[in-house]
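Please read it alongside the model.

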Amino acid sequence: MITLYHRPKTRSTRFLFLLEELGAPYVVRVVTTRNRDGSGAADPANPHPHGKVPAIDDDGVVVFESPAIALYLTDKFPKNRIGPLVGDSDRGAYLSWLSYYTGVFEPAFLSKFMNVEVPRATAGWVAVEECLPAVLDRLARGPYLLGDRFSAADVLYATTFALFANSPLLPQSPVIAEYVARVTARPAFARAVARDGG
Ligand SMILES: N[C@@H](CCC(=O)N[C@@H](CS)C(=O)NCC(=O)O)C(=O)O
């Protein structure tokens, strides 16, 4: 049985979405985490090394970091084909977009959000002005990051776009708006929102 360490309205909410998509058996353990203003504290029960969410525990197997959790879960619960498996021709693109999410996409947005200039060529990621066109180019050929096939990578990207929807960080783009609408219209998303409180 999967235990999801979760705090409502955070990055762990998207794993309620993914677990619902996969039809996986899971329980939710709501934990506290540190807040942005320095208040709050990590829950000692949370196995994430920094007490962050999400983390999962699968009968003693702990997995943390969003792309790792996404890959672990889609490999373990392949029935609904939400993640291409080893040998599938979409596997390379799947691994690439999952890794890009945590290595480039999030750092690009957060650098902008925190007003940190990205040093060209020396950082492992790029400025959001360079990152976004790459993602949009892919989605314009979409409807999903893997083309016709919805995957757990879309769970990560579309929920992040949804989060920044009304922020000056994100340009108004029909490609993004339609992508977010397409992904969040999925019944599993509504079930996840209903469970978000724990
Ligand atoms: N790189 C991590 C980021 C996880 C993360 O920062 N989660 C936030 C909630 S959205 C958190 O737990 N913050 C509390 C803290 O930093 O202590 C992932 O993608 O899984």
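Strand S1 (residues 2–6) and strand S3 (residues 55–58) run antiparallel and are joined by four bridges. Tyr5 stands opposite Ala55 in S3. Strands here are DSSP runs (E, at least two residues), helices are runs of H or I with at least four, and both are numbered from the N terminus. Two strands pair if DSSP finds at least two bridges between them.

This is a predicted model: local features need pLDDT of at least 70, side-chain atom pairs count only at pLDDT 80 or more, and totals for chains, interfaces and linings use all residues. Residues are numbered from 1 along each chain as its sequence is written.

**The sheet**

The open sheet has four strands in the order S2-S1-S3-S4, and its pairing is mixed. Strand S2 (26–30) and strand S4 (61–64) are the edges, each pairing on one side only. From one strand to the next, the twist averages 20 degrees.

**The helix contacts**

Two helix pairs are listed below. Axes are lines fitted to C-alpha atoms, for helices over the stretch in contact, and angles run from 0 to 180 degrees between N-to-C directions.

| Helix pair | Angle | Axis distance |
|---|---|---|
| H1 (residues 13–22) and H5 (residues 152–163) | about 150 degrees | 10 Å |
| H5 and H6 (residues 174–184) | about 120 degrees | 9 Å |

H5 is therefore oblique to H6. H1 and H5, by contrast, are roughly antiparallel. The cut-offs are under 35 degrees for roughly parallel, over 145 for roughly antiparallel, 65 to 115 for roughly perpendicular, and oblique for the rest.

H1 and H5 cross in a right-handed sense. Arg14, Phe17 and Leu18 of H1 make this contact with Ala152, Val155, Leu156 and Thr159 of H5. Contact means C-beta atoms, placed from the backbone, within 7 Å. The residues of this H1 and H5 contact are five nonpolar, one polar and one charged.

H5 passes H6 in a left-handed crossing. A crossing is left-handed if the near helix is turned anticlockwise from the far one by less than a right angle, and right-handed if clockwise. Asp154, Ala158, Phe161 and Ala162 of H5 meet Ile176, Tyr179, Val180, Val183 and Thr184 of H6. That contact of H5 with H6 divides into seven nonpolar, one polar and one charged.

**The ligand shell**

There are 13 residues around the ligand, and Thr10, Thr33, Arg34, Lys52 and Ser66 come nearest. A residue counts as near if its C-beta atom, placed from the backbone, lies within 6 Å. The shell has three nonpolar, six polar and four charged residues. Ala, Val, Leu, Ile, Met, Phe, Trp, Tyr, Cys and Pro count as nonpolar, Asp, Glu, Lys and Arg as charged, and the others, Gly among them, as polar.

Methods:
Contact = placed C-beta atoms within 7 Å.
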